[in-house]
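Welcome to a short tour of a protein model. Have a look at the fold and its surface first, and then we can go through some of the details together.

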Amino acid sequence: MVIPDFGIVEGAFQVTSIEYAGSHNGEATYEMSMASAGSLIFTAI
């Protein structure tokens with residue numbers, strides 16, 4: 001997963017939920033929850 005202007009988090013993840021909302025002609029918002037399936041590696045950008 002890349003976090004802009006911060007860093008990169010690498011590892012095995014399981015997506016536990018994905019939600020989205022928005023109007024027909026407007027902007028959309030997204031939310032995703034993940035669970036770690038092991039150790040993570042962080043690399044600063």
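Asp-5 sits in the loop between E1 and E2. In this predicted model, Asp-5 has a positive phi of about 60°, although it is not a glycine. That is worth a glance, because most residues other than glycine have a negative phi. Asp-5 is also exposed, because its relative accessibility is 80% and the cut-off for exposed is over 50%.

Stepping back to the whole chain, how many helices and strands does the protein have? There are zero helices and five strands, so to speak a β-β-β-β-β order when read from the N terminus. The C-alpha trace spans about 40 × 25 × 5 Å along its principal axes. Of the 45 residues, 4% are buried. The accessible surface comes to about 4000 Å², and carbon and sulfur atoms hold 56% of this area. Among contacts with a separation of 6 or more, 48% are between residues 24 or more positions apart.

Next, the aromatic residues. The structure holds two aromatic pairs. One of them joins Phe-6 and Phe-42, and this pair is tilted because the ring planes stand at 45°, with the centres 5.2 Å apart. Phe-6 lies in the loop between strand E1 (2-3) and strand E2 (7-10), while Phe-42 belongs to strand E5, so the pair ties together parts that are 36 residues apart in sequence. Phe-42 is partly exposed, at 44% relative accessibility.

Tyr-20 and Tyr-30 form an aromatic pair that is tilted as well, with 6.4 Å from centre to centre and 40° between the planes. Here the partners come from strand E3 (Tyr-20) and strand E4 (Tyr-30), so this pair links parts that are ten residues apart in sequence. Tyr-20 counts as exposed, at 67% relative accessibility, and Tyr-30 counts as exposed at 65%.

What forms the nonpolar patch on the surface? The patch is made of Met-1, Ile-3, Phe-6, Phe-13, Val-15, Ile-18, Met-32, Met-34, Leu-40 and Phe-42, which together have about 920 Å² of accessible area. Strand E3 (13-22) and strand E4 (28-36) each supply at least two of the patch residues. The largest share, three residues, comes from E3.

Ile-18 is found in strand E3 and is exposed, with a relative accessible area of 57%. Ile-18 and Pro-4 are 14 residues apart in sequence, and their C-alpha atoms are 20 Å apart in space. Leu-40, in turn, is found in the loop between E4 and strand E5 (41-44). Leu-40 counts as partly exposed because its relative accessible area is 45%.

| Residue | Relative accessible area | Class |
|---|---|---|
| Asp-5 | 80% | exposed |
| Tyr-20 | 67% | exposed |
| Tyr-30 | 65% | exposed |
| Ile-18 | 57% | exposed |
| Leu-40 | 45% | partly exposed |
| Phe-42 | 44% | partly exposed |

Terms used. Residues are numbered from 1 along each chain as its sequence is written. This is a predicted model: local features need pLDDT of at least 70, side-chain atom pairs count only at pLDDT 80 or more; totals for chains, interfaces and linings use all residues. Side-chain values use heavy atoms; hydrogens and water are left out. Patches are made of residues with over 30% relative accessible area and no salt bridge: like charges are joined within 9 Å, nonpolar side chains (Val, Leu, Ile, Met, Phe, Trp, Tyr) within 5 Å. Accessible areas come from the Shrake-Rupley method with a 1.4 Å probe; for residues, only the protein chains shown count as cover. A salt bridge is a side-chain nitrogen of Lys or Arg within 4 Å of a carboxyl oxygen of Asp or Glu. Helices (H or I, at least four residues) and strands (E, at least two) are DSSP runs, numbered from the N terminus. Buried means under 20% relative accessible area, exposed over 50%, partly exposed in between (1.4 Å probe, protein chains only). Rings of Phe, Tyr and Trp (its six-membered ring) pair if their centres lie within 6.5 Å; planes under 30 degrees apart count as stacked, over 60 as edge-to-face and the rest as tilted. Contact means heavy atoms within 4.5 Å.
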